[in-house]
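This report is an introduction for a reader who has not seen the structure before. It begins with a single residue and then turns to the chains and their parts.

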Amino acid sequence: MKPRFKHLLGIELLTRSDIIGILDQTESFLEVLKRPIPVVPALRGKTIVNLFFEPSTRTALSFSLAASRLSAHCVNFSFPSSSVQKGETLLDTARNIEAMRVDGVVVRHSMPGAPHFLARRLKAFVVNAGDGCHEHPTQALLDAFTLRQHLGSLKGKRILFVGDIAHSRVARSNIICFSKLGARVAVCGPPTFLPTDIEKLGCEVFYRLDKILYEVDVVNMLRVQNERTDLSLFPSIREYRALYGLTRERLSKLDKSVLVIHPGPVNWGVEMDFEIAEFPQTLILNQVTNGVAVRMAVLYLLAGGHEET
Amino acid sequence: MRQAVIDEQGLKTLVSQLASDISRRNRGVKNLVFVGIKRRGVPLANRLAKELSLNQKYRIPVGAIDITLYRDDLQLVAETPICGGSEIDFDINGRIIVLVDDLIYTGRTVRAALTELLDFGRPKSIQLAVLVDRGHRELPIEPNFVGRTIKTRHDDLVDIYLVEEDGTDGVFLTRR
């Protein structure tokens, strides 16, 4: 399979069949991860740089693991985001990466479009690991993969996003991804958390959780970004939990077949009650496991083969 | 020019011969496991195991191996090959593995399969069975069991068809 794309910058740029191609490829890497020695030599001699300008635990770790399980070298750079003079430093960084002759760059940056900026300037392939409030494509792919494992297909399924849609790159990438796979997407949250043009993404909009929660197949909870609460986007955490939290009372009324996903890290007691971690329909740890396999598929597809000259 | 080298009946005979060679050499089939190299090695491994399991209490386990991720030319091919995944759901430690493929040519596929198998465990030994050997080895690898040796030139094409994959059985040689 020759991917149509040289970089993975966003779900928006992928077609439905691109997405399905990546998900199918992920199946075989999930099998590799179950082997006694879960390492294959596919990307021997390749070098991949993790360039994280924003803090991250699971995404950076997941990409590093994916690279090592493919026998690629993975180098981690982390920059103190406060001292970054964005535009200039990024270009400077790009030139330095070029000089070090790496094959791929995994980049996370607080500025939307930073990976696209790098992709235009580097020979190396670029994977977007989160750019500001814009996109987080590998999260969307791993969520789609996780749901596909349980539902077979997303076609016609109703998926509800709850929480801070406006500031969430995960919500954006996931909404686009699930819609491309044929799901019916709805969003729910306080008006301050919903972008004004959200209908353009083809979503139904709800302001009251109890009105829609019991009619969906999947609930995609989003993190209340505590670092933004000082912006007074909602009156109090207690009120937020009461109106939009996936509490144990709400979960107990949910059908047992309804799946719950969350990109992590979870603010337990805010958007979700802690007990929900224990419920069989909660797939948060499956998401993390599948994340490594999805990233292996992405790195394999982008780094495998040579450049046609 | 394309000619049939082995027909349906001939292929059946070759498989039976291979099966009896394997069982004679190992004095029975105890402790044997079969691993087919994807794609056409897998149906062949199944046929051999089926033939040798007749009148036996012991059912020979059959696995499948996809060598894509172990290829030595991944960086040379322009298109990243889609990888199908391997299926070996039994313990290979201490077993005798009969590795099965339809065709041996350069030996590079077998090299990749050997490396991959050894990542699954430490078998007692590995033997190699192929339906057709067309020569032109690039690595010091020789099969233990060969159905038929066919003399070919480097640029000849050898096409092997199996019912399970292609709907028909037969081997064809095309000279260019």
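Predicted model: local features only at pLDDT ≥ 70, side-chain atom pairs only at ≥ 80, totals over all residues.

A:His136 belongs to the loop that runs between strand E4 (125-131) and H5 of chain A.

Which residues does A:His136 touch, leaving aside those up to four places away in sequence? They are A:Gly130, A:Arg169, A:Val170 and A:Ser173. A:Arg250 stands 114 residues from A:His136 in sequence, and the C-alpha atoms of the two are 29 Å apart in space.

## Chain A as a whole

Chain A contains 10 helices and nine strands. Its C-alpha atoms fill a box of roughly 55 × 45 × 35 Å along the principal axes. A compact globule of 309 residues would have a radius of gyration near 19 Å, and chain A agrees with this because its own value is 19 Å.

Of the 309 residues in chain A, 46% are buried. Contacts between residues at least 6 apart in sequence can also be sorted by how far along the chain they reach: in chain A, 76% of them join residues at least 24 apart.

## Helix H1 of chain A

Helix H1 of chain A covers residues 16-33, which makes 18 residues. From its first C-alpha to its last, this helix reaches 26 Å, close to the 26 Å expected at 1.5 Å a residue.

Which residues of H1(A) are buried? They are A:Ile19, A:Ile22, A:Gln25, A:Thr26, A:Ser28, A:Phe29 and A:Val32. An α-helix has 3.6 residues a turn, so residues three or four places apart point the same way.

## Chain B as a whole

Chain B has four helices and eight strands. Along the sequence they follow the pattern β-α-β-α-β-β-α-β-β-β-α-β. The C-alpha atoms of chain B fill a box of roughly 50 × 40 × 30 Å, again taken along the principal axes.

For 176 residues, a compact globule would have a radius of gyration near 16 Å; chain B has 16 Å and so agrees. Buried residues account for 36% of the 176 residues of chain B. Among contacts in chain B between residues at least 6 apart in sequence, the share that joins residues at least 24 apart is 69%.

## Two packed helices in chain B

In chain B, helix H1 (residues 8-25) packs with helix H2 (residues 41-53) at an angle of about 65 degrees, and their axes are 9 Å apart. The crossing of H1(B) past H2(B) is right-handed.

On the side of H1(B), the contact is made by B:Val15, B:Ser16, B:Leu18, B:Ala19, B:Ile22 and B:Ser23. H2(B) contributes B:Arg47, B:Leu48, B:Glu51 and B:Leu52. Sorted by class, the contact of H1(B) with H2(B) has six nonpolar, two polar and two charged residues.

## Backbone exceptions

Most residues other than glycine have a negative phi, and most peptide bonds are trans. Where are the cis bonds described here? One is the peptide bond from A:Gly264 to A:Pro265, with omega near -10 degrees. A:Pro265 sits in the loop between strand E9 (259-261) and H10 of chain A. Another cis peptide bond joins B:Lys38 and B:Arg39, with omega about 0 degrees. B:Arg39 is placed in the loop between strand E2 (32-37) and H2 of chain B.

Positive phi values occur in chain B as well. B:Asn31 is not a glycine, yet its phi is about 75 degrees. This residue is found in the loop between H1 and E2 of chain B, and B:Asn31 is partly exposed because 15 other C-beta atoms lie within 10 Å. B:His136, also a residue other than glycine, has a positive phi near 65 degrees. Its place is the loop between strand E5 (125-133) and strand E6 (145-149) of chain B. With 13 other C-beta atoms within 10 Å, B:His136 is partly exposed.

Definitions and conventions. Residues numbered from 1 in each chain as written. Chains lettered and ligands numbered in written order. Expected span 1.5 Å × (residues − 1). Buried ≥ 20, exposed ≤ 12 C-beta atoms within 10 Å, placed from the backbone. Rg over C-alpha atoms; globule rule 2.2 N^0.38 Å. Contact = placed C-beta atoms within 7 Å. Axes fitted to C-alpha atoms, helices over the stretch in contact; angles between N-to-C directions. Left-handed = near helix turned anticlockwise from the far one by under 90°. Nonpolar A, V, L, I, M, F, W, Y, C, P; charged D, E, K, R; others polar.
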